Every structure is written in C-alpha cells, then in structure tokens.
Amino acid sequence: MVRDDLRCIYEIAAKDMRTYYLKPPAISWGIVFPVAWTLAFYLRSPGDFEELVPGLIAMTILFSTTAAEAVVINFEMRLGTLERLLLAPVSIGGVLLGKVLGGFLFGLLMTAAVTAGTALAIGLRPDLTILIPVAALSLLVFSSMGALFSVGFKEVFEAQTFLNLPRFLMVFLCGVVYPISAMPAPLQFISQLLPLTYTVEGLRVAFSAAPSSPLLDSIVLAGFFVLFIFPAMRLLRKRFE
Amino acid sequence: MKAIEVRGLTKRFGSLTAVEDVSFEVEEGEVLGLLGPNGSGKTTTIRMLVGLSRPSEGDARVLGFDLSSGIHKAKRGIGVVPDSSNLYEELSARDNLLFMAKLYGVPKGVREERTEELLRAFGLFERRNDRFGTFSRGMKRSLTIAAALVHDPKLLFLDEPTVGLDVVAARSLRDLISDLHHRGLTIVLTTHYLEEADRLCDRIVILVKGRVVAVDTPRELKRSAEEGSVIEATFRGATSDHSADLSARLPGSKVVVLDGTRLKILGGDPTRVLEELVGFSRSHDLGLEAVNSMRPSLEDAFVSITGLSPAVMAKEKGGR
Ligand SMILES: Nc1ncnc2c1ncn2[C@@H]1O[C@H](COP(=O)(O)OP(=O)(O)O)[C@@H](O)[C@H]1O
Ligand SMILES: [Mg+2]
C-alpha cells in the first residue's frame, strides 16, 4: 500500500509539473509579483539591495507554491480529473501529497532560479547548508497552505481571493517591509504567528555571516507544515464521503 | 466467488436518501445492468462500489474485499468509466493512457504495448498524439473506456456509457462492450435506455427512487409482464381525455397513452380487458378501430413493474 502511494505521489507530481507548472501563466504568477515587489524596493533605495534578497526569495517561495496549488487542485476538482486519480490504488492522502510535492518542485525551480540569479548578479555567497533546508521546509509549508485553501473552496478565484488575506498579511508583517522590532506590540505578536516570518529569519541567517542558528525557525516551519497538511487531507476526505 | 455482493447499501445526503437498502449480486463474467430513470441512485451506487463515496449503511464485497475495510486492494482489479469523460484535456490520447497505467503500476514495457493495443482496438491509433480536448464526444467516451482498461481489470464499471452520443457512435460503443463481455470481463453498467439494457445485459437490476424493484434477466422480466397480457387499442376518436375512466374500469391493469388515438393496456385478464374496451368505446362514442395483442417489450415490463410511464426514462440530464 505504501509503495502504491509513493508511486502515485511521484507520478501525480511529475504529471503536474509537465502539464501545468511549466506553462507561462503559472510561471508568471509565481515570479512576477516577487520581482515587481523587489524592483519597487530597489528603486526606493538602490544601495540596500543585498538586504532585500532574503525577502525576495521568501516572496518567490510563497507566491509560486500557493498559486500553483490553487491551479492543480481547484481546476482538477472542477473538471473531475482529481476524482479519476482516486480510482487508482492510492489513498486520498497520497493524492494530496502528490499535489503538494508538485507545488514544492515547481517552487523549488522558481526559487533556485531567483536565488542563483540574484546571488550571481551581486556576488552573494549564502550558506547553502542553511539556505537549502530553510527554503525546502518553507516550500513545503506554503505548498500545503495553498493545498488547504484549494480544497476548502470550489472555485479557483475563491481560493486565490481567500489566500490573499494571509499572503498579504505575511508580506507586510514578516519583517521585510518593516523591521519587526519597530512594530507596535500587537503586530509583533501577529507576526510571530505567521510562517513567512520564520522563512525570512532563516534565510537572513543563511545570507549573513552571523553565527546564529536557524534551528528554531526550521522547527517552527516543520510545525506549520503539519498544521496545514493534515486539515487539508481531512477536508479532501470529507469531499468524498 | 461472486464478483460483487451488495448487502443493504444505503446512502443519505442530508435528508435525501439517494440509495436505500440496495442488495444484489454480480456473477463473474456477467454483464449486470443498473436500470432506472435519472436520479434513481445508479451513479451513487457505483460511486460507493468503487470507493469514491462512503455508504451511510450496509456493505459490499467487491472482488472479495469488503468496502468497509477499505477497497484499496480491490482497485487493481477494477476499471471505472465515470458518467463524464474526465481525462486530461491537455494530454494526448496516448499520454492519458500512459499516465493511468503508471498510476496503476503497470510495468514500463507492458505499459507501452498495452497502450498501443488499446488505441488500435478503439480506433484511436491515428489520433494518438492529439490532445484529448480536441476529440469528439464519441472519441472521448471511447478513450475513457480505454483508460479504464490499461491495467487489465477483471471488473469494469460503466456509468451511462452511451449518453450524449449519436446513434452510430453509440452503436459502435455497444459492440465494443459486447466484445469485452465475450472476452470474460465482468461488467456493471448503468443506463436509462431500456433497449441498451435489453441488448447488453445478462441480468438487470431495476432501481426506482433509490430502491431495487426487480432483479432478473431481460427475458424473465418480459415474461413476468407477459403473464398479464399487453393489448393495444386504436380508436377513431381522441382518447386522451378519457383514459382515466378506462383506468378506473380496469383496476388490475395499467393504461398507457401512446398518442391521441392509441392506448396500451398492460396486465389484467384479457377477456375482462376486451370487454371493458368495448364498453369504454361505446360510452364515450370513440369507435374501436383495431385491437392488437402484443409481445411485451422490456419497456412494457418496465412499466408494469415500476408503474412509471416510459416518458420518465426519456428525460435526459442536462448536456455534458
Ligand atoms: N453529492 C450529492 N449530494 C447531494 N445529493 C446528491 C449527491 N449525489 C447525488 N445526489 C442525489 O441523489 C439522487 C440520486 O442521484 P444519482 O445517483 O446521480 O442518480 P442516477 O445516476 O440514477 O441518475 C439524486 O436525487 C441526486 O440529486
Ligand atoms: Mg447517473
């Protein structure tokens, strides 16, 4: 059974990569926003570009994965193709993990491109032993968050609209736009509840020479993954009761 | 071993009971038809049997595995053709089949071979590299059936295989289903076309409002209708306004209005029916033109068993 599930998870992710993610709309959704956003900050203060890189990577991770999940899950639920996957010897959890893995891989491609591009352009040398686990955990977190919102709503636009609330809350409160220490206490508290805050913190460690550890950030991110993936599985199971 | 044993299957959606205490069995190698008007619970029954929906009550054994303890192990032996053709529009015919084969774990070498074989058998080989989205309805339906066969199942579920197809496409699909039957596949198909059930099925389960009202071979079903008698009467005048009166005169029979001047009387003692027909035509001054005794069709059997008018079966769901 486990072998069946593993095979299907892989096949579903591989198929999604081919048919959806490598298409222009998905790519632009995942990449246009982070780049536009970074450009805006760059134009405001061109000298601080280095400071922006962890934020840019974090945005790429957030937007590429969540946009992708809405496409693969919502569209497929509407077209009935998701149902077809369940006819195969695979559990509902397996189908969902396949979808999340697809979002993860798509985000990974986008993130790798953005990271390599900026690092090469301005000669940054991040600590890869920190960057890779933090980015990978974050990709899983936001891919499963996208999945949770996608199984929760019937229409693509609904899922995208409702995703925008936490997405923009996170963009503004993750410490990239304003330093968290400069926020009023209630906002500081909220920012601690948002996964992107830990992504940014971890990525900053990877890009600084400072000898701090991203261990706590990684543990919190792993916790968020669990927090999103299990309710998403439950919701999907409920749809097939 | 039976291919399927269904015991007291029930499905409720809120206050609506879509399937109620349904039981039947399917022998290995037979074609069983679930026949009933739209909304009678055919799709819901199939969805429960293939693990897409959980029964509210009851259980079933499919290929020796109980639904309640998880149908996972049985899935390898089951092929399903859902009521809509839901393959990936953006994948080619061939890629769709290959993808399904991969999901079922068909080994690589076998996969390619089987895909090609099916594409040829279903007459789609020339179009193998075209996207599914560009296919006609009939071709889509064919490929959806092919996709259900890539892993060489023993048991095939077909939900309304020919709905929405033109006559030619429907006929060729029925021939295909007959072929599969002759190759030993066990088939469960749903339909609301009486002649389709008659032609294809070894046995028929008639469902009305989620309940089983009859289970038998098409022949026995017809014979049970024959016991009554089927009499068709043609009048000179219009009868439609008076058919209720004839029904009242013949409490043991069912009166069906065929058109303005023709009535069909199912069941009842023939002598009695003829007497009443004469009395009826006199009292309304209709003039009896012709009286024929007919062999009952499956439609007649359906009407006398369910009490439903044949027009109910002709109602299609919205297009797909
Ligand atoms: N998911 C669902 N939620 C609520 N009602 C449903 C659902 N699926 C089917 N039904 C209802 O159950 C009844 C049987 O439907 P169905 O099994 O599709 O009938 P058939 O396939 O014979 O046309 C219908 O009244 C239908 O509206
Ligand atoms: Mg149906």
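User: In this predicted model, how far apart do the end C-alpha atoms of residues 96-124 of chain A lie?

Analyst: The model is predicted, and residues 96-124 are one of the spans of chain A to which an unreviewed UniProt entry gives the feature "transmembrane region". In the model this span is 93% helix and 0% strand. Its end C-alpha atoms lie apart by 36 Å.

User: What percentage of residues 130-153 of chain A is helix?

Analyst: The UniProt record, an unreviewed entry, also lists residues 130-153 of chain A as "transmembrane region". The end C-alpha atoms of that stretch are 35 Å apart, and strand accounts for 0% of the chain there. The helix content over residues 130-153 of chain A is 96%.

User: How far apart are the C-alpha centres of domain 1 and domain 2 of chain B?

Analyst: The domain assignment of chain B places domain 1 at residues 2-222 and domain 2 at residues 227-294. Taking the C-alpha centres of domain 1 of chain B and domain 2 of chain B, the separation is 41 Å.

User: What area is buried between chain B and chain A?

Analyst: The size of an interface is often expressed as the accessible area that is lost when the parts come together. Here 26 residues of chain B are in contact with 26 residues of chain A. Carbon and sulfur atoms give 57% of the area buried between the two chains, and that area is about 2,600 Å².

User: Which residue of chain A forms a salt bridge with B:R76?

Analyst: B:R76 sits in the loop between β5 (65-66) and β6 (78-81) of chain B, and its partner lies in helix α1 (residues 2-21) of chain A, so by the DSSP-based naming of elements the pair crosses between chains from a loop to a helix. The closest N and O atoms of the pair are 2.6 Å apart, within the 4 Å cut-off for a salt bridge. The residue that pairs with B:R76 is A:D4.

User: How many salt bridges are counted between chain B and chain A?

Analyst: Over all chains the rule gives 32 salt bridges. Between chain B and chain A, the side chains of B:R54 and A:E241 meet in a salt bridge with an N to O distance of 3.3 Å. The count between chain B and chain A is three.

User: Which helix supplies the largest share of the side of chain B that touches chain A?

Analyst: Across the interface of chain B and chain A, 13 residue pairs are in polar contact. On the side of chain B that touches chain A, α2 (93-103) and α4 (137-147) of chain B each supply at least two residues. The largest share, five residues, comes from α2(B).

Definitions and conventions
Residues numbered from 1 in each chain as written. Chains lettered and ligands numbered in written order. Predicted model: local features only at pLDDT ≥ 70, side-chain atom pairs only at ≥ 80, totals over all residues. Heavy atoms only, no water. UniProt positions renumbered as here; feature names shortened; annotations may be inferred. Helix = DSSP H or I, 4+ residues; strand = E, 2+ residues; numbered from the N terminus. Domains from an automatic or database assignment. Contact = heavy atoms within 4.5 Å. Buried area = accessible area lost by both parts, 1.4 Å probe. Polar contact = N/O pair within 3.5 Å; in protein donor to acceptor, adjacent residues only side chain to side chain.
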